[in-house]
Amino acid sequence: MNQLRQIQNLEEEQVFIVLQSTPLGLNPAEAAERLEELGPNSIEVRDRWRLARSLLRQFTNFFTLLLFASAAICVVADRLQPGENMMILGWALGGVALLNALFSFIQEYRAEKAMAALRQFLPAQVEVVRAGRDLTLLAGELVPGDLLLLKEGDRVPADARIVAAEGLLVNNAPLTGEAQPVPLLAAPFPGRLVESNNIAFAGCLVLRGTARAVVFATGLRTEFGKLAHLSQAIRRTPSPLEQQTAHMVRVLTIIAVSLGFSFFLIGVFSGRPLWVNLVFMMGIIVANVPEGLLPTFTLALAMGSLRMARKNVLVTSLNAVEGLGAVEVVCTDKTGTLTLNQLSVNRIAAPLETADCEDPTFRKHLLQLALCASDVHLSGQRLGGDPLDVAIAEGLRAEGISITPATLAAERFFPFDVEKKRAAGVVRIDEQRFFAVKGAWEVLRPSVEKVLDPSGSAAPATPADLNRAEAVMTELAATGLRVVAVAYRSLNDSEPAECPQEQLEKGLSLAGFIAIEDPLREEVPAAIASCRNAGIEVILITGDHPGTAESIARQCGILADTEQQERTMTGSVLEGLSEAAVADALAGGIRIFARTSPAQKMKIVMALKQSGRVVAMTGDGVNDAPALKAADIGIAMGKSGTDVARSAAQIILLDDNFASIVAGIEEGRTVFLNIRKFTNYVLVSNGPEILPYLLYVLLPVPLALTVIQILTIDLGTDIIPSMALGQEPPEPEIMQQPPRGRELHLLSRGLVLHSYLFLGLLEATWSLCLFFYVLLSGGWHYGAELSATDPLYRSATGIALATILLMQIGNLLGRRYRLKSGLDRGALRNRLLLIGILIQVVFSWGLLYLPPLQRVLGTAPVAWQIYLFAWLGIPLIFGADYLRKRIFLTPVA
Amino acid sequence: MIVLAHDGSLYCDWVARYALNFAEEEKDRKLLALHVLDGKASPELVANKFAELQECCAGQNIEFIPQLLRMDNSVYRSLRHAIPHDPEALLLCGTRVKAKKRTFLRGSVAEQLLRNRQCPVLALRVVQPGLLGAPHNLLMPLAGHVAGFSRVWPIFQRLAVRLHRVHLFRSLYIHQLRHANLRPDRERELLKYGQTYLEKIAAELEKALHNQPFCIERQVMISSDWPNAVLIQASRLKVQMTLVGVSERSLAHRVFHGSGIERVLLEAPCDIGIYRGP
């Protein structure tokens, strides 16, 4: 009803009236009033406090707060009881908290680069007419009603309605993703705003011609502005790792604080001095918090990103390293990602015959007609332009026709329109004028009135002929070929070429079909099979015909050959469905979206996310940016992608190859598994760190481990082995397991029990056994107090610490493999692991026998026989863990 | 009847496009234009603008009733006396940028008019004059009130005739700290709850408008920041208008939570219509 009520529907002179402008432009006062009312023509969402808020957020997570609180307690304790080195400890804890927070802030800050790339699509200055004078203005000062002057090479600064145009040709790629140029006219357009051919959209490039246009939307209200707004405003949902880390930190914080506070209260009621209780509370908190874990997370992710880069997967946000491993659905483009994007003519078919036509005259004629509707440039002997058009020109060359500027000279050319799905041109072939059109069969079919036979004569098309032609096209598409229909009509010399395309397209004769082949990448079927084994769904999104898409999907394994169920949905059906309905369709088995536009990707992402799945989406165009950002993992193409897509994505595929995504998923899964391994490893040492405090508070025994000694483990000797576990190569069965989903916690109940109550308790028991053995053999009796400087006490704490360090070696080896012993992974394959072991060994010896270390850590030597007993801890912990694996865990067949 | 509060500015000319379109669908096809002579716009300018409106009305077969009102204590009071007590009528006014460009609604005549209960009121912020007051895609954020959308109905039914697509949207508030730690199953429950509410509203809509010319989409989002959620949806769905309901908030609420509607108006990617919520 209201089709003729928007700016694109109006006559040129009406445009000025409704926007209260004139052919002489606005006067400065009017422009100032509008600028005041609507604000500058800027696509930036101004948020002065964004960085400050982001920084503050880093300091409000539980972990950082806990570390700061511990640091504050240390400072207080140092004031109450100087000389206990508590101030140093306070500084160390504060430093770790600060580094963690700043590191996360830098990560987040670097991720927000999309804006800079988007800004490049808008000009800094524009030419307008105001009060009858041509002026150059800053683009930000543009307002609705301004009369804009556009010429070749200009970027359009705002959405504007063309009121006069001469040969205007624009590239709308930033909005549509379609690189083909689009001619714009001043005449009214009867359809929707976004499909109009009389609107110059912000961000688009003027390729040819000049125009005058009246601005009707500026800044964030332009179509490009909406895209920019989304690229800035969409906050990426926390990655699975971020969620897991938050959960882990929460659990550890609750454990640490509740234990610390409980023992503080016990201490208060048992009559100990306040400062002693404070220090012990802090000791228990410090013992519970794995201070080195978060920096090690970051290091593991950074190392993972380096390994991914070697597999052509560039990571722009560290969380994406692991996020890719959690992916449950991959939505992929076809051309260039699954296929090589090396197009060539595979078959030329007459309208009613599927077989490759061998008549050279027919083949040449069909290709010549198709070339007339193609945009190909000749540079020396090289052909340039759209790959499909170049393939047609190459096909003609193969038929023995040389391509010269004269061959390519069309009297008139109608570029490919993504909405119309066709291109056309007027050309003279052998003294005969033709109007030829090439495009999707379904859009040409209504205009076809005749059908050409291989002999060259055209007969009226009966419904049966049209159905037969459709069957031919479907049959060709079903072999995975891109099928282009070619139709034409002869023009008299008197017929003007200047009339509208729709008028020229009446009474067409179907000349035939050209089937274009785009070979599948060799490695793709194996990669898809790997996805299938790993429980990852692959969804194909393409602009191609459903038949072509299905065939490619079968060739690469997205669809099984035997599958009969409906798996394809076209863009037109998708357009009419709600997100909930799309989600239902996906749950019902839809795997292919054919004849879709890039803008529809967002709908597919949102529908998939509605079902709670972790989604990865590929894209290359500017208009893919919102979908890339909305997906859990946005993957941009490094070769063919735009800067905006690359900035919006977390992953960039350097070779545009689907197989690299799968390699990345494997690496991502490995990173998560490795993070679990070293979390497990680190938490084991928490057991022997906590138990001495519990015994000290509950029983009249000396403290087996001081706070400095705990930090030596957490921030010293455990770091390199943790990093080594972060570098472990993928386990063979990693891609034979389903995605872990969002529900699996990094800190699962099983992991906590295994760390604290099994290996942790074992480590604690053995180290305390040696601690008490040294004390008892040195003459200490139950209930006797020992000072911190007593050599006996120093020797006992020394052996306790050395035992924990050595037992961590057994723990480390066992952590290498979840299902097997860990020794079978090859001792020399991970050099960092060897360095970690060496550090543990040297440190365990040094803290007992090297005076400088003894002074710092408050330790003293023990007899070498006792030290040898500490070594027994390694086979003890390793053997116990191996037995657990053998008894309780079953390897994957 | 459609009542248009016109302050004589260019901005109100854009608002008038909506008034004209609405009046065309009224049974009585009447447009009452009110202007308070507050001295900000010259009488000649107002007369010219009313003459243009008169011309447009004549072209669309609408009865145009212009009224120049004497200034009472305030613009609002002057308008209040002239606004008919008619629940079938609809009053349209604009929300223009205020001092220091920080507020649009707070302290404005539009805010006072929205409190008025003489007839339904629609306050408009027009940022896309090129739409000529005829949006095709509409976003309706709903806060989940039991009353459904009874308050928005008088406005919605006037917009409905030109709509192609309506997006019902529910932003489910959750505190930012909780949001970061929301369990997936809880998230699914919340989304389902939101969808159920919107399904009910969509069913009501379909029942009220037999053979409606538009299709209805439903979106639910969990967010700790509803203005941002509305703005994101508006950009994502490329809607041409967003219809937002506002309610009175306590001073404490405004201090602690700020004014979301002002942010929506400031960053509006499309025309914004504001009505009084339950």
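This is a short tour of a two-chain model, from the overall make-up of each chain down to single residues.

Hi everyone, and thanks for coming. First, some ground rules: this is a predicted model, in which local features need pLDDT of at least 70, side-chain atom pairs count only at pLDDT 80 or more, and totals for chains, interfaces and linings use all residues. Residues are numbered from 1 along each chain as its sequence is written, and chains are lettered from A and ligands numbered from 1 in the order in which they are written.

Let's start with chain A. Its secondary structure comes to 34 helices and 25 strands; here helices (H or I, at least four residues) and strands (E, at least two) are DSSP runs, numbered from the N terminus. Of its 893 residues, 51% count as buried. By buried I mean that 20 or more other C-beta atoms lie within 10 Å of the residue's own; exposed is 12 or fewer, partly exposed is in between, and C-beta atoms are placed from the backbone. Among contacts in chain A between residues at least 6 apart in sequence, 74% join residues at least 24 apart. Two residues are in contact if their C-beta atoms, placed from the backbone, lie within 7 Å.

Now, please find the sheet in chain A that has 8 strands. It is an open sheet in the order 8-25-24-23-9-20-22-21, with mixed pairing. Two strands pair if DSSP finds at least two bridges between them. Which strands stand at the edges? They are strand 8 (313–315) and strand 21 (568–570) of chain A, each with a single partner strand, so one side of each has no neighbour in the sheet. Neighbouring strands here are turned by 20° against each other on average, direction ignored.

At the strand 21 end, 3 bridges join strand 21 of chain A to strand 22 (residues 592–594) of chain A, and the two run parallel. Helix 20 (residues 546–556) of chain A lies across strand 20 (537–541), strand 21 and strand 22, running at about 150° to strand 22 of chain A. For such angles, axes are lines fitted to C-alpha atoms, for helices over the stretch in contact, and angles run from 0 to 180 degrees between N-to-C directions.

Next, strand 24 (residues 633–637) of chain A. Is it enclosed or open? 5 of its 5 residues are buried, so strand 24 is largely enclosed by the rest of the structure. A:Ile633, A:Ile635 and A:Met637 cover one side, while A:Gly634 and A:Ala636 are on the other, all of them buried. Strand 23 (residues 615–619) of chain A pairs with strand 24 in the parallel sense over 4 bridges, and A:Thr618 stands opposite A:Ile635. Right-handed means that, with the strands pointing away from the viewer, the path from the first strand over the helix to the second runs clockwise. Strand 24 also pairs with strand 25 of chain A, again in the parallel sense, over 3 bridges. Those two strands and helix 25 (residues 643–648) of chain A make a right-handed β-α-β unit.

A:Asp656 lies in the loop between strand 25 (651–653) and helix 26 (658–684) of chain A. Its phi is near 55°, a positive value in a residue other than glycine. A:Asp656 counts as buried because it has 24 C-beta neighbours inside 10 Å.

Over to chain B, with 10 helices and 10 strands. Buried residues make up 46% of its 278 residues. An open sheet of 10 strands has the order 3-2-1-4-5-10-9-6-7-8, with mixed pairing. Strand 3 (63–70) and strand 8 (215–223) of chain B stand at its edges. Neighbouring strands of this sheet are turned by 25° against each other on average, direction ignored. Within it, 5 bridges join strand 6 (residues 137–141) of chain B to strand 7 (residues 165–173), which run parallel, and B:Met140 has B:Leu168 as its bridge partner.

Finally, where do the chains meet? The contact takes 40 residues from chain A and 35 residues from chain B. Among the elements of chain A that each supply at least two residues are helix 2 (28–38) and strand 7 (205–217).
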